[in-house]
Amino acid sequence: MNEKPAGEARKNDYEYIVIGSGAGGGPVAANLAKAGHRVLVLEAGGDGKNPESEFRYSVPGSDPRLNSELGWRYWINSRAKQADREKQHFYVPGKGLYYPRGSTIGGSTAVNAMIALYPANSDWDGIAKLTGDRSWDASSMRTYFERLERVRYAKPQPGNPERHGFNGWLPLEQVGAKGNLFKDRWLSQYVVPRVKGEENGDLFEAAFRNGGDFRIDPNDWSFAQRKGTGMADPPRAAENGARHGTRELLLTTQAQFPDKLKIQTDCLVTQLLFDEEHKNQVIGVEYLEGPHLYAASWLAEAFSSRPGVKRRAFAAREVIVSAGAFNSPQLLMLSGIGAKEELQKFGIPVRIDLPGVGKNLHDRLEVGVVCKLPFTPTAYQNCTWGKESDPCLVEYKTNNPDGEYRSRISRQMYIVKRSSPDRDVPNLCLFGIGANFRGYYHPEHQPATGKDEFTWFTLVGHTRNAGGTVALKSTSPREMLEINFNLFEDGTDTAGEDLEALVNGVKMCRKLAAGGWDGPAEGELSPGPDYKTDADLTTFCKNEAWGHHASCTNRIGPDGDRFAVVDSNFRVHGAKGLRVVDASVFPRIPGLFLVIPTYMIGEKASDSILADAK
Ligand SMILES: Cc1cc2nc3c(=O)[nH]c(=O)nc-3n(C[C@H](O)[C@H](O)[C@H](O)COP(=O)(O)OP(=O)(O)OC[C@H]3O[C@@H](n4cnc5c(N)ncnc54)[C@H](O)[C@@H]3O)c2cc1C
């Protein structure tokens with residue numbers, strides 16, 4: 001293992017190898033290629049280019065995570081005790097809790113809900129303080145957002161005080177025309193009186209001053225600076241109603257620079273290769289070529305007898321690991337970088353003893369309050385979700401700006417709030433959408449949903465629990481990890497702040513649903529009228545909470561910080577020619593949504609790599 005390749009000439013066809021094409025790896029690979037370097041991207045997922053996957057990928061109203069060419073499904077545990085796990089409604093006997101990820105060109109940006117929200121300034125200032133590296137402070141980090149973002153709706157202002165980019169690679173749109181958020185009869189009848197009766201912060205006020213236009217921009221620099229709250233139509237990563245992410249960035253860059261950027265799909269990287277003559281210098285990777293080789297693939301069982309073709313690739317300069325919060329630590333551990341005792345359990349020779357690898361796993365938490373509406377909305381009655389002659393698909397393809405598939409996701413409203421006044425930054429996002437949504441179910445266990453149901457979500461960001469772990473189950477690179485989020489009393493949030501924030505959020509949602517009254521609304525299906533007291537709601541939240549923003553498992557920290565895995569330039573401590581750039585590097589989970597901060601660090605990392613190349 002890890003030996004200098006024998007019997008195979010080391011051919012430096014590439015200067016850089018990027019492992020994974022998601023929110024972290026995509027910008028790194030594109031920027032290095034644009035700067036004139038030869039880059040190889042190795043992506044474990046497929047290209048997702050069959051018609052069904054393309055439909056699922058681009059149409060906001062579809063659910064791409066279940067498409068076997070786009071998504072992976074992990075089995076995780078969120079609680080330590082089996083009895084507690086079984087109470088959770090996602091629990092699948094003998095497996096665990098289903099946890100979605102993306103695996104194709106674009107990674108999880110290919111399956112995510114496309115909500116694109118700027119994080120809190122304190123997220124960046126915290127990293128600057130931790131590392132002593134001022135390039136991480138909030139004002140400096142804003143330049144990476146300016147670089148990536150493209151918005152049609154924000155008007156360039158003299159001096160650009162709101163610090164938007166206007167011309168980056170990531171189109172963000174709020175598709176509702178003026179006041180459109182409330183133009184749906186059903187939505188306006190149901191939502192408007194409810195949210196109007198609430199204190200909804202400065203965005204809400206601004207929208208009404210603006211004649212009911214909710215396309216005010218929560219990504220403005222001034223909103224971040226004043227730690228603003230309020231209600232808006234959330235910006236999403238789309239152009240003309242079609243999803244955008246690192247997939248478009250990479251494919252466009254490849255078309256422009258075909259001799260610089262090579263993207264190989266269906267390639268599962270299994271090992272980092274080191275040059276034994278130069279201690280801990282990474283020189284390349286070993287990988288298996290073939291579809292559905294990783295156990296999290298929906299089709300893994302059908303492909304399990306196929307060994308894949310073993311190959312190697314070499315990088316003259318660096319290898320960048322961007323395989324996400326689960327697979328990046330897995331690859332480091334399989335390559336001998338991790339906690340000594342854990343590697344030794346599996347007989348893996350220890351190359352760099354870094355006990356932080358796979359620790360500090362964070363997620364934010366969500367629960368839904370589901371209500372039966374007192375009427376049947378008409379908006380999506382006729383949609384058949386991609387089946388033949390689907391009228392909503394026809395409407396989508398004819399570019400109708402009010403089309404259901406084009407705008408259903410954007411036509412949620414969301415409210416940014418604090419769970420309690422003593423919170424420094426807003427840590428709650430309350431949404432409403434016309435569906436029964438109690439989290440990401442495994443499809444075999446998905447309950448039927450009525451078209452007259454509405455969900456008010458609570459999302460808790462800036463969570464306190466840092467007690468999650470990912471650990472190897474074996475030395476097989478094809479096997480999934482043991483993933484345990486250790487939520488609530490199993491984790492590090494001993495003061496119970498995450499749970500308290502969830503319960504407060506559920507109470508706020510209930511109040512919205514009930515039109516200002518504390519307690520279950522008429523027609524509340526979940527939690528339902530049996531859940532009355534705070535203790536009842538605490539039980540409900542423990543059993544219901546879900547997340548899909550796994551992060552922080554290779555955290556940044558300075559030299560001498562025993563649990564730091566990478567330095568402030570993303571370099572793995574103790575290794576040469578090796579960086580990690582993805583959601584695993586955050587010391588604490590940033591913002592309310594993860595993708596924008598991850599794109600921003602992808603941009604930042606490419607600057608660091610290019611600076612070192614000079
Ligand atoms: C269902 C869902 C909905 C979401 N909704 C939102 C949202 O609305 N807004 C938001 O901000 N965030 C959302 N997120 C989260 C966000 O998309 C992710 O946090 C973000 O994409 C993480 O970026 P990453 O680079 O760390 O990993 P990913 O984007 O997951 O990319 C990792 C890539 O690495 C590949 N890979 C893994 N192992 C290997 C290997 N060994 N060899 C080669 N390739 C490998 C994977 O196939 C994958 O393509 C959502 C996530 C999910 C799953």
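How do strand 4 and strand 5 pair, in the parallel or the antiparallel sense, and over how many bridges? Strand 4 and strand 5 (residues 96-102) pair in the antiparallel sense, over two bridges. Two strands count as paired if DSSP finds at least two bridges between them. V92 stands opposite G96 in strand 5.

A word on the model. This is a predicted model, where local features need pLDDT of at least 70, side-chain atom pairs count only at pLDDT 80 or more, and totals for chains, interfaces and linings use all residues. Residues are numbered from 1 along each chain as its sequence is written, and side-chain values use heavy atoms, with hydrogens and water left out. Helices (H or I, at least four residues) and strands (E, at least two) are DSSP runs, numbered from the N terminus.

Strands of a sheet pair through backbone hydrogen bonds.

Now helix 1, residues 25-34. Nine of its ten residues are buried, so helix 1 is largely enclosed by the rest of the structure. Buried means under 20% relative accessible area, exposed means over 50%, and partly exposed lies in between (1.4 Å probe, protein chains only). Among the buried ones are P27, V28, N31 and L32. Just after helix 1, G36 takes a positive phi of about 100°.

What does helix 1 cross? The axes of helix 1 and helix 17 come within 7 Å and cross at roughly 35°. Axes here are lines fitted to C-alpha atoms, for helices over the stretch in contact, and angles run from 0 to 180 degrees between N-to-C directions. Helix 1 brings P27, V28, N31 and L32 to the contact, and helix 17 brings residues including Y599, E603 and L610. Contact means heavy atoms within 4.5 Å.

Helix 17 (595-613) also packs against the buried residues of helix 5. In helix 5 (residues 138-148), these are A138, M141, R142, Y144, F145 and L148. Seen down the helix axis, they fall within an arc of 150°, so they line one face of helix 5. The arc is taken from the directions from the helix axis to the C-beta atoms.

Last, N569. It is found in the loop between helix 16 (534-544) and strand 24 (578-580). N569 is partly exposed, at 22% relative accessible area. Leaving out residues up to four places away in sequence, N569 touches R579 and S608.
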